[in-house]
Amino acid sequence: MDWSPILISMKTASLSIFITFFLGILAAWLVVRMRNPVWKLISDGILTLPLVLPPTVMGFFLLDLFGVKGWIGSFFVEYFSIKIAFSWPATVLAAVTMSFPLMYRSARGAFEQVDQNLISAARTLGMGEWEIFARVLLPNAIPGVVSGGVLAFARGLGEFGATSMIAGNIAGKTRTLPMAVYSEVAAGNMDTAYDYVAVIVVIAFLSVCIMNGAAWKAGKETHGG
Amino acid sequence: MEADGNICLEVKIEKRLKSFTLDVGFQTEGGCLGILGPSGCGKSMALKSIAGIVSPDRGRIAVRYGRGEQERILYDSSCKKNESPQRRRVGYLFQNYALFPNMSVEENIGIGVRGREKKIRVREMLERFRLGGLEKRYPGQLSGGQQQRVALARIMAYEPEVILLDEPFSAMDTHLKEKLRLELGEILKDYHGISILVTHDRDEAYQLCSNMLLMDQGQVIAGGNTKALFQNPVTCRAARFTGCKNISRIERTGERRIRALDWGNLELTTAEAVGDEITAVGIRAHDFEAVSGEEAEKWADCPEGNLIPVRNPSVSEMPFEWYVTLDHGLWWKTEKSIHVHSPEQVIPQWLRVPPSALILLTGEPE
């Protein structure tokens, strides 16, 4: 069995959840703070789009932007001589894009459920906005934020559609576990496909257990167990 | 704080709310100002505007010092000034206390204190609010009374110039409420800044506040010294707010004579002359005197008799009072011992209202 899809998937899923986690929280905080309801609605719509569009359509957009002839893609080629499309970073790009809305929406929901009086009280006690975010809002939203992280991680690990569009299915380079399953089945190697499937199931199950445990522990601590 | 000397808060705010417009203006100096009004009358919104949690549509909020030479503007729509809540130095006690559940008692208390004095100040507050031994606990592990003390300690540690108390006892049971009201009274006595208490509980406002505003539908309907306001509420609406149960429209029949139209054209003599502006009379449910048949004969010829016959009363027993409803819906409350259960012994044939107990009112009774 070729181990590279497992390594590639682990690398991609870990880096992408790291990026998504912070981006999602930041985006949620910014949207929650928006005063203008119209802007809020529009921003929310755009940020949620990857969740509701077919993954191939998102992959199409990514290709359009990050392809060698795309705005961003051509910029990278010209100034850094880096080709993003069909390289390993593209798998991360696809995973981040597709898992982002889950993180963002979970974090936003968790922030909105924090008692607004806590925020107001913090303001009247002279706490700065950033301090309020770090010491009041985030700690009291941790269980929801962490479970958003679980979902986003699982989504990133299983990402297929957008990855195939922007990163392709290059063995040893961009072939992630879901890609490998697809390729092995297409080639009629059901036994190898079984192995990959087993690995995915184990990783997914373990990660959900670990993160759920963390969320439970965090929740307990916040409420003074 | 003492160095600030006389400090005065001036408030004038307008804000359009769902079903009415909040439009209040007042000034308050030392001592606690009570804002009494029914739920949803806009009183909490007024407090939130002062703290900067919500923004009014128009108006001005300022803290003045000394003899008015110096002032600090918190909000002024005419010059587009809207100070952030962080910079207003206005403490706010929330109905649910809004303690940070992820912080221990001492972290909560110290959160608004900067710099080196933090430790000392926190220790001082723990002692002053009798929270010793609880400093490592989390809010979820405290009783309602302890939570309130932590919330007050947190505000006091921040040394605000104004403290706003939003229905501080609404989430408590009666027994705890009475004890904590006394405690809060002591705390407010020691506080030299401005304090405003918002409540729908008459007793609470009377007990804790030297001055009072009555608010309804976003408007201030009466205001002034608490005791004076209860003794002479002036308008029918204010009388209702201060708990006057019996109000009737009147017809003036003499300089000190009136006919109460809603009480079966009862003729009454007042203590003061009845002016043209007087349209109604009020009698507090506790202000009737029980009169026996014999005594009633004596009073009958006297113009100051003000006798009311007691016919088919409906009686309801409370632990320490009888609630008696007479003809025309007149309410009479009379004290009783907890050992007495039969109303027959206390229900007289007649009731009498001393002329001084008649409250002359203007405006329309509802």
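**B:Glu117 and its partner**

I started with B:Glu117, which is partly exposed at a relative accessible area of 42%. For my own reference: buried is under 20% relative accessible area, exposed is over 50%, and partly exposed is in between, with a 1.4 Å probe and protein chains only. B:Glu117 forms a salt bridge with B:Arg121, at 2.9 Å from N to O. By salt bridge I mean a side-chain nitrogen of Lys or Arg within 4 Å of a carboxyl oxygen of Asp or Glu. B:Arg121 is buried, with a relative accessible area of 10%.

**Ground rules**

This is a predicted model, so local features need pLDDT of at least 70 and side-chain atom pairs count only at pLDDT 80 or more, while totals for chains, interfaces and linings use all residues. Residues are numbered from 1 along each chain as its sequence is written, chains are lettered from A and ligands numbered from 1 in the order in which they are written, and side-chain values use heavy atoms, with hydrogens and water left out.

I looked up pLDDT, the predictor's confidence in each residue, from 0 to 100. Chain B has an average of 90, and 98% of its residues score at least 70. Where in chain B is confidence lowest? That is helix 9 (residues 293-300), with a mean of 86, while the highest is strand 7 (residues 90-93), at 96. Helices here (H or I, at least four residues) and strands (E, at least two) are DSSP runs, numbered from the N terminus. A reminder to myself: where pLDDT is low, the predicted coordinates should not be read in detail. For the complex, the predictor gives an ipTM of 0.84 and a pTM of 0.84.

B:Lys136 is exposed at 61% relative accessibility, whereas B:Glu106 is partly exposed at 26%.

I also found a network of salt bridges in chain B, linking B:Glu10, B:Arg60, B:Arg64, B:Glu71 and B:Asp76.

Over in chain A, A:Arg123 and A:Glu129 form a salt bridge, with their closest N and O atoms 2.7 Å apart. A:Arg123 is partly exposed at 22%, and A:Glu129 is partly exposed at 24%.

**Where the chains touch**

Next I checked the contact between the two chains, where contact means heavy atoms within 4.5 Å. Chain B puts in 22 residues and chain A puts in 22 residues. Together they bury about 1,900 Å², with 59% of it on carbon and sulfur atoms. Buried area is the accessible area (1.4 Å probe) that two parts lose on being put together, summed over both.

A:Glu131 and B:Arg114 meet in a salt bridge at 3.4 Å, N to O. There are also eight residue pairs in polar contact between chain B and chain A, both residues at pLDDT 80 or more. A polar contact is a pair of N or O atoms within 3.5 Å; within protein, one must be able to donate a hydrogen and the other to accept it, and residues adjacent in sequence count only if both atoms are side-chain atoms.

On the side of chain B that touches chain A, strand 7 and helix 4 each supply at least two residues. That side divides into 15 nonpolar, five polar and two charged residues. The sorting goes like this: Ala, Val, Leu, Ile, Met, Phe, Trp, Tyr, Cys and Pro are nonpolar, Asp, Glu, Lys and Arg are charged, and the others, Gly among them, are polar.

**Two positive phi values**

B:Ala98 has a phi near 50 degrees, positive in a residue other than glycine. B:Ala98 is in the loop between strand 7 and helix 2 of chain B. Buried or exposed, this B:Ala98? At 2% relative accessibility, B:Ala98 is buried.

B:Asn312 has a phi near 25 degrees, again a positive value in a residue other than glycine. I found B:Asn312 in the loop between strand 17 (307-309) and strand 18 (314-317) of chain B, and it is exposed at 64%.
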